[in-house]
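Reader: I have a structure open and I want to learn to read it. Where do we begin?

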Amino acid sequence: MLGKIVWKNIIYKPLNSALCICLLLFGVGIITLLLLIQNQLEQKFHRDLKNVDLVVGAKGSPLQLVLSAIYHLDAPTGNIKLAEAHKIMNNPVVKEAIPLAYGDSYMGYRILGTTWDYINKYDGQIVVGEAYTESMEAVLGADVAESAEHKVGDVFHGTHGEARNGHVHEDHPYTVVGILQETNTVLDRLVLCNIESVWSVHSHDKEVNHSDVDTIHSLELDLNHEHDHDHHHAHEHGHNHSKAVQTADSMEITAILLKYKSKMSALRMPRIINEQTNMQAALPALEVNRLFYMIGVGVTTIELIAGGIMLMAGLGVFFVLFNRLRERKYELALLRSVGYSPIQLFLLLILEGLAFAIIGYLLGWLLSRIGIHFISIKAQNDFNLKFNWELVQGEGWIFLLTVLIGILSSLIPAWRAMKVDVSSTLSQK
Amino acid sequence: MVKTYDLKYAYSKSEPIVLPDIQVKAGEALLIYGESGCGKTTFLHLLAGLRRPTGGQIFIEDNNTTNMSFSQIDRYRGQNIGIVYQQPYFIESLSIWDNLVLSPFATSKKKARAISKRLHIDDLLTRYPNQLSTGQQQRAGIARAVMNSPKLILADEPTSNLDNKNCTHVINLLLEESRNNNAALIIVTHDDRLRSEIGNCIDLKTAVNKA
């Protein structure tokens with residue numbers, strides 16, 4: 001019966017109740033949305049990090065280098081000489097070194113020239129077709145394949161730079177040879193090919209000579225002991241595709257992702273690179289933490305606003321319950337006279353506050369999911385970032401907080417209800 | 001069977017009211033008559049256990065309610081006493097049906113149906129309190145008062161807002177219900193019309209003076 005009274009009371013004064021619930025709803029909605037975005041961003045950033053210990057690229061902002069080489073969210077800092085990169089990649093403390101060459105895009109997705117190690121690093125699996133083996137063959141990430149609606153055998157042209165409407169490399173068509181399974185990593189948003197493809201698109205006037213192509217192949221073979229099937233294959237055919245002449249000195253790549261053999265022995269490596277070469281080494285974990293620290297300032301501001309809304313919501317529940325108490329004095333006295341105990345009346349008011357809190361929470365949760373849906377659409381267009389609406393850690397705390405607000409704000413009205421003087425109330429009127 | 005001995009009640013800073021001893025057998029009725037302000041409602045609330053007397057004792061069916069703790073008396077009232085008010089109080093947001101089965105000690109749906117039939121409110125059960133006329137409200141109030149099969153029915157000015165026709169009707173219903181439940185019925189009122197309906201009557205003013 002108490003439950004029924006609570007529910008009927010809420011719908012008896014719909015405007016009062018709607019006010020309380022709306023305030024709670026927006027508070028919960030905003031906080032949950034922030035939590036969703038922050039959590040998923042952090043998760044995505046850490047997942048994409050995939051134990052890359054060091055990123056080496058051209059001098060510039062280390063954050064930009066990390067954003068560009070690992071997350072493919074920013075423009076590259078520039079190119080580095082292959083010969084110089086080679087020295088670092090062959091350093092004895094390096095366990096794995098993946099060269100990256102990029103600069104073009106297709107439909108806003110980056111075209112990344114790299115070795116198959118890169119795909120393995122993110123546990124990429126071919127679903128349709130096969131791995132690229134020759135120059136100008138491309139494998140599409142899951143998101144790219146979905147939005148471009150390409151199938152194996154299709155031909156497409158890359159666009160110079162990152163912009164969607166840049167110069168199109170009409171004379172260098174790529175052929176889709178394979179499509180990757182969804183990995184929920186940066187891989188999903190990339191068009192992958194070998195490094196020679198990137199070179200041949202950009203070296204119109206000079207021919208790549210065979211020995212240079214051999215250089216990069218032997219380099220791959222040196223560094224990757226575990227798997228080499230694809231590379232052997234590439235090795236056999238790679239030569240024929242190079243049209244241009246280029247001297248070994250001028251061969252360039254964009255960045256290298258490094259993994260050390262042991263963390264301890266590698267403390268000196270970044271400093272040596274930064275001080276003794278005209279390349280820079282950036283520690284991705286450090287840069288990502290710095291980025292989140294900077295984002296955190298903005299997040300805190302919005303959190304404070306949402307907290308303010310929650311506080312207002314609590315006050316709203318308090319005012320509504322407290323105001324209604326005057327009208328309901330007779331009802332409470334009646335409840336006592338038919339046998340309800342003071343504790344039960346206390347509970348009645350607490351339950352009403354709780355009901356507001358729970359309804360507000362549920363609707364707020366819904367709002368956050370609707371919000372993340374639209375933000376995801378926008379972020380996908382702007383940054384190729386996707387958010388989902390799965391439960392994230394910390395949502396339980398928001399629920400508990402909301403429940404606590406519901407209870408706290410009904411505490412004083414509940415105390416008053418418990419203390420209603422039945423006899424004098426019933427002798428009035 | 002209801003008996004009182006030497007009941008006294010004092011509001012703070014005022015002379016105690018001394019109330020006459022009464023005795024009402026099961027199935028019988030007593031009218032306590034008095035002008036407003038002479039302590040009628042106080043008397044009724046003492047009997048109902050809503051207020052504690054400053055002296056004296058009340059026995060309902062051999063239970064001394066003046067010795068009970070607050071929670072005991074709340075429970076005892078819920079189980080054994082039915083109260084009819086001058087203006088029947090309802091939970092406004094609940095239907096008449098839900099108001100009938102409101103008490104945690106009176107939840108029998110079968111009984112609620114039988115009582116509402118007897119009091120001719122069975123076609124009003126889905127309505128809300130403010131959709132009923134005063135007479136209908138009073139009948140619903142009586143129905144709720146007898147939902148717990150009370151041993152004592154207390155009525156506080158049950159007829160003062162009613163016209164002659166409804167007045168007779170309500171009194172007859174109260175008498176009928178007290179007989180049906182074999183309950184003692186005590187009505188406090190200043191309504192002269194009731195003196196002709198109920199023989200057993202105490203005039204509170206003169207009784208208080210006497211004491």
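Author: Begin with the interface, and keep in mind that this model is predicted. The size of an interface is often given as the accessible area lost when the parts come together. Here chain A and chain B bury about 2300 Å² between them. Carbon and sulfur atoms hold 58% of that area.

Reader: How many residues of chain A and of chain B are in contact?

Author: Chain A brings 25 residues to the contact, and chain B brings 25.

Reader: How many salt bridges are there between chain A and chain B?

Author: The count is two. One of the two joins A:Arg336 to B:Asp74. The closest N and O atoms of A:Arg336 and B:Asp74 are 3.0 Å apart.

Reader: Which helices of chain A supply at least two residues each to the side that touches chain B?

Author: Look for helix H1 (2-12), helix H11 (284-337) and helix H14 (422-427) of chain A. Next, sort the residues on that side of chain A by class. You get eleven nonpolar, nine polar and five charged residues.

Reader: Now the cysteines. How many disulfides are there over all chains?

Author: By the rule used here, zero. The cut-off for a disulfide is 2.5 Å between the sulfur atoms.

Reader: Is A:Cys20 buried or exposed?

Author: A:Cys20 is buried, because its relative accessible area is 0% and the buried class covers values under 20%. A:Cys22 has a relative accessible area of 37%, which makes it partly exposed.

Reader: Let me try one residue in a loop. Where is A:Thr185 found?

Author: A:Thr185 sits in the loop between strand E8 (168-180) and strand E9 (190-193) of chain A.

Reader: Which residues does A:Thr185 touch, not counting residues up to four places away in sequence?

Author: A:Thr185 touches A:Arg47, A:Asp48 and A:Tyr122. Then look along the chain. The side chains of A:Thr185 and A:Thr183 make a polar contact at 2.7 Å.

Definitions and conventions. Residues numbered from 1 in each chain as written. Chains lettered and ligands numbered in written order. Predicted model: local features only at pLDDT ≥ 70, side-chain atom pairs only at ≥ 80, totals over all residues. Heavy atoms only, no water. Contact = heavy atoms within 4.5 Å. Buried area = accessible area lost by both parts, 1.4 Å probe. Salt bridge = Lys/Arg side-chain N within 4 Å of Asp/Glu carboxyl O. Helix = DSSP H or I, 4+ residues; strand = E, 2+ residues; numbered from the N terminus. Nonpolar A, V, L, I, M, F, W, Y, C, P; charged D, E, K, R; others polar. Buried < 20%, exposed > 50% of the residue type's maximum accessible area, 1.4 Å probe, protein only. Polar contact = N/O pair within 3.5 Å; in protein donor to acceptor, adjacent residues only side chain to side chain.
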